[in-house]
Amino acid sequence: MTSTSQTSSRTVPDRRAELATGLARVRTRIADACANAGRERAEVTLVAVTKTYPASDVLDLAELGVRDIGENRDQEAAPKAAEVAAAGVAVRWHFVGQLQRNKARSVVGYAHLVHSVDSVRLAGALAHSAQRHRDTPLDVLVQVSIDGDPERGGAVDAPDAEPDRQLDRVAEAVASAGSLRLRGVMAVAPLDWEPERAYARLADMSAALRLRYPTATLVSAGMSADLEPAIAFGATHVRIGSALLGNRAALR
């Protein structure tokens, strides 16, 4: 039997209206942030993070003009991507969560851009799977640690960091793999940092990387609570969940 919550998200027209309202608000915020930063609106891509939400929400968002969809767990993303494809709808899938190496083969099958490569070993696993199972290179962002804390996700920009997690080594591993394309950086602002400080630091890290790899022009930063400072400091992709889709249930 279908639960009430599933029914409301899959079949009731009010859900699309709810999504349309959230989308209008988020688009206004992005446009205002771009204007305040002196940037063109077209410079910033909205990635709708649909984790825990059904494929029907992705289909509704696509009809509303959102074609960039983010997921952070392969066990949810892979079947959802298959369901959307079976419906004949083309979207760009962004893998934005922590990725285990044993999921690399699955992820390369549907992802257009992986935001969260933060180790040499993960880059190698993705490169191997992409070479075997894709016809075109996989676009990749290196997830960087803004505060250098090795306990959190992200490659660390420090010479004494663990070699597998050193930013220079991770970037080189991606850039030298023929089956991958290094497109830029991703980060999450540390909870104990002001967003402006965090994204200023990220902008510096992005600029340094571009000096070595001119095609690494993308910056994935900013979520529902802090998209404005992220855009002010150069974000090209903002990853929006709750402000667009509503508050989600806790992941189990």
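Helix axes are lines fitted to C-alpha atoms over the stretch in contact, and the angle between two of them runs from 0 to 180 degrees between N-to-C directions. In this predicted model, helix 2, which spans residues 13-37, packs against helix 3 at an angle of about 55 degrees. The axes of the two helices lie 10 Å apart. Angles of 65 to 115 degrees count as roughly perpendicular and those under 35 degrees as roughly parallel; helix 2 and helix 3 are therefore oblique to each other. Their crossing is right-handed.

Helix 3 covers residues 55-63, and the loop that separates it from strand 1 (45-49) contains Thr 52. Although Thr 52 is not a glycine, its phi is positive, at about 75 degrees. The relative accessible area of Thr 52 is 32%, and because this value lies between the limits of 20% and 50%, the residue is classed as partly exposed.

Lys 80 belongs to helix 4, which is formed by residues 74-86. The relative accessibility of Lys 80 is 6%; the limit for a buried residue is under 20%, so Lys 80 counts as buried. Between Lys 80 and Pro 54 the C-alpha to C-alpha distance is 7.4 Å, with a separation of 26 residues in sequence.

The second largest pocket holds about 350 Å³ of space. It is lined by 19 residues, of which Gln 98, Leu 99, Asp 118, Ser 119 and Arg 165 are the closest to its centre. By residue class, the lining of this pocket comprises 8 charged, 7 polar and 4 nonpolar residues.

Terms used:
Residues are numbered from 1 along each chain as its sequence is written. This is a predicted model: local features need pLDDT of at least 70, side-chain atom pairs count only at pLDDT 80 or more; totals for chains, interfaces and linings use all residues. Side-chain values use heavy atoms; hydrogens and water are left out. On a 1 Å grid over the protein atoms alone, a cavity is a set of points where a 1.4 Å probe fits but cannot get out, and a pocket is an open set with protein on both sides within 12 Å along at least five of seven lines; lining residues have an atom within 4 Å of a point. Grid points are joined across faces, edges and corners, and a volume is the space filled by probe spheres set on the points. Ala, Val, Leu, Ile, Met, Phe, Trp, Tyr, Cys and Pro count as nonpolar, Asp, Glu, Lys and Arg as charged, and the others, Gly among them, as polar. Helices (H or I, at least four residues) and strands (E, at least two) are DSSP runs, numbered from the N terminus. Buried means under 20% relative accessible area, exposed over 50%, partly exposed in between (1.4 Å probe, protein chains only). Angles under 35 degrees count as roughly parallel, over 145 as roughly antiparallel, 65 to 115 as roughly perpendicular and the rest as oblique. A crossing is left-handed if the near helix is turned anticlockwise from the far one by less than a right angle, and right-handed if clockwise.
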